[in-house]
Amino acid sequence: MDLTAQTLCVGAEFAPDPADVAAYAWVLEHGRLDPAALAGHLARQGLDPAAAATALDRLAEWQLLQPDPADPGRCRALPPQTAIAALAAPVEAEIQRTRAELAHRQAQVAGFLPFHRQAAQQAGGAGEIEVIADLEDVRAALDRASADCRSEVLTSQPGGGSRVPAAMEEALRRDRALLERGVRMRTLYHHTARFNGPSQAYVEAATALGAEYRTAHELFGRLIVFDRELAFLPLSDGTWGALVVRQEALLAYLCGIFEQAWTLARPFAAAAEDGLEQVSQELDRTIVRMLAAGLKDEAIARRLGMSLRTARRHIADIMDELGAESRFQAGVAAARAGLLDD
């Protein structure tokens, strides 16, 4: 929403002074500036006639009045939209000037990046792992990595990959810019993404541009890798910060994990054809294996990309179906029923 639209919204909640409204209507009808005549009009309206001069001054300050240069006694009442635009113009101009100055300074500071990286390398590997705590700094780092990316992006997005419709267009613009440069994009989602409408629409649109998507019941965690040279991992403290990895051996290890998960995952389009019953059966088997392995409810929910409440509901249903009162009993019953791998 631009500044003019914001002003209109604020104006919708603002009740002007009755004297100001009466003065505006009077000038609109008569087309002249006459405080004495306006005072008489206010008196007939049951308003304070002494407010006439003040009301005209306020209307002029708000740029709702435009005096006639040839006849100071005559005046035109301007539409509120015109006055709003006139009031907003200098503020918007100052914002544009500030943005341009900020962009110029950022470009100057960015020029020091190669020297910082070179110094880090000469320091014996310093800078190969970096912690970025602030969310805006993380976004800026991701934007720079996307702009510099040359060949490949690998992404693991646990939690179903749910897309907010309002953010889809911006994300597609960013992905289109990468794909048009010939960058290969592969993304892993949880199976839950198949049944999320915005996620389905996003995947369909991005796939048409050349992106690739697969889904799995279990994922190893959130990960973004650019050109196998730069990776972003979430911080363990649960904040919106990120761990930035440039270390060669660690990058190779992370990419290997991704490739293994990618091989076991199902293409999004093919997976979407599975019925709810089949997905439910696969999900139950996965949960049973996790229960048998001793995982807690929180860990199961995190690995399956679902809420803790949903995970506990599934667990309760499975234990009830197996007639088990404990996780140990559930594991024994599942093994006897052939629900566990050998």
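The model is predicted. Its chain holds 15 helices and 10 strands. Of the 342 residues, 34% count as buried.

**Helices H2 and H4**

Two packed helices are described by the angle between their axes and the distance between the axes. For H2 and H4, the axes come within 9 Å and cross at roughly 75°. An angle of 65 to 115 degrees counts as roughly perpendicular, and H2 and H4 are therefore roughly perpendicular to each other.

Which residues meet? From H2 come Ala19, Asp20, Ala23, Tyr24 and Val27; from H4 come Ala55, Leu56, Arg58 and Leu59. The residues of this contact divide into seven nonpolar, no polar and two charged.

**Helix H14**

H14 runs over residues 308–322. At 1.5 Å a residue, its 15 residues should span 21 Å. The end C-alpha atoms are 21 Å apart, which agrees.

Where do the buried residues of H14 lie? Seen down the helix axis, they fall within an arc of 95°, so they line one face. An α-helix has 3.6 residues a turn, so residues three or four places apart point the same way. The face turned away from the buried side carries exposed residues.

| Side of H14 | Residues |
|---|---|
| Buried | Ala311, Ile315, Ile318, Met319 |
| Turned away, exposed | Arg309, Asp320, Glu321 |

Just after H14 comes Gly323, with a positive phi of about 70°.

Definitions and conventions:
Residues numbered from 1 in each chain as written. Predicted model: local features only at pLDDT ≥ 70, side-chain atom pairs only at ≥ 80, totals over all residues. Heavy atoms only, no water. Axes fitted to C-alpha atoms, helices over the stretch in contact; angles between N-to-C directions. Helix = DSSP H or I, 4+ residues; strand = E, 2+ residues; numbered from the N terminus. Parallel < 35°, antiparallel > 145°, perpendicular 65-115°, else oblique. Contact = heavy atoms within 4.5 Å. Nonpolar A, V, L, I, M, F, W, Y, C, P; charged D, E, K, R; others polar. Expected span 1.5 Å × (residues − 1). Buried < 20%, exposed > 50% of the residue type's maximum accessible area, 1.4 Å probe, protein only. Arc of directions from axis to C-beta.
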